[in-house]
Amino acid sequence: MSLLRSRRWSKRLGHEGWEARSTPRSADAFTKDWNEASKTTGIRKWTWMIKNGPGSDGTPYDLIGRYKSDPTTDLAIKNLADTAYDTAPYDNLGPAGGTPEAIMEQKVGETINKYYLKMALAPTEQQVTDMYNQMMKEVEAAGLAKLEKVYNENYQARVELWK
């Protein structure tokens, strides 16, 4: 597992350079006593998820537990390795807080939540279709088209930023 950290952090983990990898020493320390290992290494739980993207083996970076795992975890990692993908390009694309679009997003979300369980429990397919059509009318009236525009514009801006 890799962490993009400063040289100071790399040296604390016993490595030179900018990229640190979990070691048997650090993994064992966290297995024995998480709190004490956090104090002595300066590593906190959130630290392990700093770098997005695939590791050298093609699987995503994840917790230190990847270094030393049980047979069940090893099997899951092996069988699910090609099912992971990075969601970072899609995170936080919604409207900025305090904007009219943020209020629209709240109303759209509330409307979808209002209908979701009702549709799931509807006794007939026709009732599901009717409720869905009514829900779509309400979310369109609440500003769904404007929200879609905001999401698309924010995504395009992110794509440009990450080029």
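This predicted model holds one aromatic pair. The two partners are Tyr-90 and Tyr-155, and their ring planes meet at 5°, so the pair is stacked.

**The aromatic pair**
- The ring centres of Tyr-90 and Tyr-155 are 5.8 Å apart.
- Planes under 30 degrees apart count as stacked, and the 5° between these two rings is why the pair gets that label.
- Where do the two partners lie? Tyr-90 is in the loop between α4 (71–80) and α5 (100–121), while Tyr-155 belongs to helix α7 (residues 144–161).
- Because of those positions, the pair ties together parts of the chain that are 65 residues apart in sequence.
- Is Tyr-155 buried, exposed or partly exposed? Its relative accessible area is 27%, so Tyr-155 is partly exposed.

**Helices α5 and α6**
- Helix α6 covers residues 125–141, and it packs with α5 at an angle of about 175°.
- The axes of these two helices are 10 Å apart.
- Angles over 145 degrees count as roughly antiparallel, so α5 and α6 are roughly antiparallel to each other.
- On the α5 side, the contact is made by Val-108, Thr-111, Ile-112, Lys-114, Tyr-115, Lys-118 and Met-119.
- On the α6 side, Val-128, Met-131, Tyr-132, Gln-134, Met-135, Glu-138 and Val-139 take part.
- Sorted by class, this contact has nine nonpolar, two polar and three charged residues.

**A charge over a ring**
- Two of the α5 residues in that contact, Tyr-115 and Lys-118, are also linked in another way: the charged end of Lys-118 sits over the ring of Tyr-115.
- How far is the charged end of Lys-118 from the centre of that ring? The distance is 5.8 Å.

**Ala-37, a buried residue**
- Ala-37 is part of helix α3, which spans residues 34–41.
- With a relative accessible area of 2%, Ala-37 is buried.
- Which residues does Ala-37 touch, once neighbours within four places in sequence are set aside? They are Ala-29, Phe-30 and Gly-42.
- Ala-27 is ten residues from Ala-37 along the chain, and the C-alpha atoms of the two are separated by 9.2 Å.

**Asn-92, an exposed residue**
- Asn-92 is found in the loop between α4 and α5, the loop that also holds Tyr-90.
- Asn-92 has a relative accessibility of 72%, so it counts as exposed.
- Although Asn-92 is not a glycine, its phi is positive, at about 55°.

Notes:
Residues are numbered from 1 along each chain as its sequence is written. This is a predicted model: local features need pLDDT of at least 70, side-chain atom pairs count only at pLDDT 80 or more; totals for chains, interfaces and linings use all residues. Side-chain values use heavy atoms; hydrogens and water are left out. Rings of Phe, Tyr and Trp (its six-membered ring) pair if their centres lie within 6.5 Å; planes under 30 degrees apart count as stacked, over 60 as edge-to-face and the rest as tilted. Helices (H or I, at least four residues) and strands (E, at least two) are DSSP runs, numbered from the N terminus. Buried means under 20% relative accessible area, exposed over 50%, partly exposed in between (1.4 Å probe, protein chains only). A charge sits over a ring if NZ of Lys or CZ of Arg is within 6 Å of the ring centre and within 35 degrees of the ring normal. Axes are lines fitted to C-alpha atoms, for helices over the stretch in contact, and angles run from 0 to 180 degrees between N-to-C directions. Angles under 35 degrees count as roughly parallel, over 145 as roughly antiparallel, 65 to 115 as roughly perpendicular and the rest as oblique. Contact means heavy atoms within 4.5 Å. Ala, Val, Leu, Ile, Met, Phe, Trp, Tyr, Cys and Pro count as nonpolar, Asp, Glu, Lys and Arg as charged, and the others, Gly among them, as polar.
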